[in-house]
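I opened this entry to look up helix packing, the sheet and a few single residues. My notes follow in the order I took them.

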Amino acid sequence: MSKKPLTQHFLDTFERPSQWIALRFKRHKTWIEFNWQDYFRSSEGAALGLLECGIKAGDRVAVLSNTRWEWAALDFAILGVGAITVPVYQSSRPEEIEYILRDSEARLLIVEDAAQLRKWEGLTKKCKSVKHVVCIQPQSEPTPGILQWDDFINAGFKAHADQSGLFARYIGKNKLTDVATIVYTSGTTGEPKGAVFTHAQILSEVQAVAQTFPISPTDSTLSFLPYAHVLGRVELWLHVYCGFTLNFAESIDRLRANLLETRPTVIIGVPRIFEKIYSGLLTQLQSHPLRRKIFTWLQKPSGSWISWPRRALLDRLLYSRLREGLGGRLRFS
């Protein structure tokens, strides 16, 4: 198995066929597709923006945002220049954000939108280590001292226009022993605890999943877990390692519609998500008394196992609907 950091695998993605779709996301109600070259250049722009802001190897960069394609590009940009990603849940309260920023000594904060910016406004004098703040979504009225996403990217490209391949050279310096990310998770008592992950640990996790499940570039997933949760990031890292398409859900509320639109072959989620989908289908079944009675009878085992005819009827009543609700192409989850 590979012994090089995942960032170097990301560098290799530039050589993948241009017809392979890396990312799909909604913009103004339309699905946008990025191939691996588009993806790499977007991450490169973010990396050059970080360098222009003075970010150096070992610096912490905090990301306060919902799961979105810019988060993905940012993660590889941060790791690529040798810095450390510090994810923050978008639902975090200002005092929780303050603790993480101060504890991690983050030098740069990236927020998603105006709502997250308002949380930051009360923290500017409390988090002295943060020197720059970047906002991903365009603001109708830009806030003084806050870099807009496009300006952040353009400034990086402009400042390093004469240094072709700079991002690739930085990636070449990454080592397996380097710290990659600090993931803060709530403990049973006290303040959140920062779990430190090295590049070696990331690669080990990704390779273990790739060995266990037959995922290939022909697969696609629908990404909806928060990237502040390590499982969400495992999906992100795995997609670079294996080459499958990463579709981004608009929101949890739009998850059901997005499943039908993207028709993923693999879903990576937590039990609660699947329980909600299953419960929704059962609720629909409950509204039909005859179907409910048939379903209850069919679930009763015949002997020590459910007979094939019963399985076929169960499939027709519920499980085929479940497959359709998940897009109709799901291989495993």
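This is a predicted model: local features need pLDDT of at least 70, side-chain atom pairs count only at pLDDT 80 or more; totals for chains, interfaces and linings use all residues.

Helix α2 covers residues 36-52 and helix α3 covers residues 69-80. I found them packed at an angle of about 60°, and their axes are 8 Å apart. Angles from 65 to 115 degrees would count as roughly perpendicular. α2 and α3 are therefore oblique to each other. I also looked up the handedness, and the crossing of α2 and α3 is right-handed.

Next I listed the contact residues. From α2 I noted Y39, S42, S43, A46, A47 and L50. From α3 I noted W69, A72, A73, L74, F76, A77 and I78. I sorted the residues of this α2 and α3 contact by type: 11 are nonpolar, two are polar and none is charged.

I then asked how α3 packs against helix α9. Helix α9 spans residues 230-242. The angle between α3 and α9 is about 75°, with the axes 11 Å apart. The two helices are therefore roughly perpendicular to each other. On the α3 side I wrote down W71, A72, D75, F76 and L79. They meet R233, L236, W237 and V240 in α9. The residues of the α3 and α9 contact divide into seven nonpolar, no polar and two charged.

Sheet next. In what order do the four strands of the open sheet run? I read the order as β2-β1-β11-β10, with mixed pairing. β2 (30-35) and β10 (220-223) stand at the edges. Each has a single partner strand, so one side of each has no neighbour in the sheet. From one strand to the next, the twist averages 20°.

Strand β1 (residues 21-27) pairs with strand β11 (residues 245-248) in the parallel sense, over two bridges. R24 stands opposite N247 in β11.

Which helices lie across these strands? I noted α3 across β1, β2 and β11, running at about 140° to β1. Helix α10 (residues 255-262) lies across β1, β2, β10 and β11, and runs at about 160° to β10.

I moved to strand β8, residues 179-185. Buried here means under 20% relative accessible area. Five of the seven residues of β8 are buried, so the strand is largely enclosed by the rest of the structure. β8 pairs with strand β9 (residues 193-198) in the antiparallel sense, over six bridges. I looked up I182, and its bridge partner in β9 is V196.

Then I searched for positive phi values outside glycine. E105 has a positive phi of about 60° and is not a glycine. E105 lies in the loop between α4 (94-104) and β5 (108-111). Its relative accessibility is 55%, so E105 counts as exposed. R263 also has a positive phi, of about 50°, and is not a glycine. I found R263 in the loop between α10 and α11. At 38% relative accessibility, R263 counts as partly exposed.

I placed F274 in helix α11, residues 271-286. Is F274 buried, partly exposed or exposed? F274 is partly exposed, with a relative accessible area of 25%. I also took the C-alpha separation of F274 and L326, which is 9.9 Å. These two residues are 52 residues apart along the chain.

Methods: Residues are numbered from 1 along each chain as its sequence is written. Side-chain values use heavy atoms; hydrogens and water are left out. Axes are lines fitted to C-alpha atoms, for helices over the stretch in contact, and angles run from 0 to 180 degrees between N-to-C directions. Angles under 35 degrees count as roughly parallel, over 145 as roughly antiparallel, 65 to 115 as roughly perpendicular and the rest as oblique. A crossing is left-handed if the near helix is turned anticlockwise from the far one by less than a right angle, and right-handed if clockwise. Contact means heavy atoms within 4.5 Å. Ala, Val, Leu, Ile, Met, Phe, Trp, Tyr, Cys and Pro count as nonpolar, Asp, Glu, Lys and Arg as charged, and the others, Gly among them, as polar. Two strands pair if DSSP finds at least two bridges between them. Buried means under 20% relative accessible area, exposed over 50%, partly exposed in between (1.4 Å probe, protein chains only).
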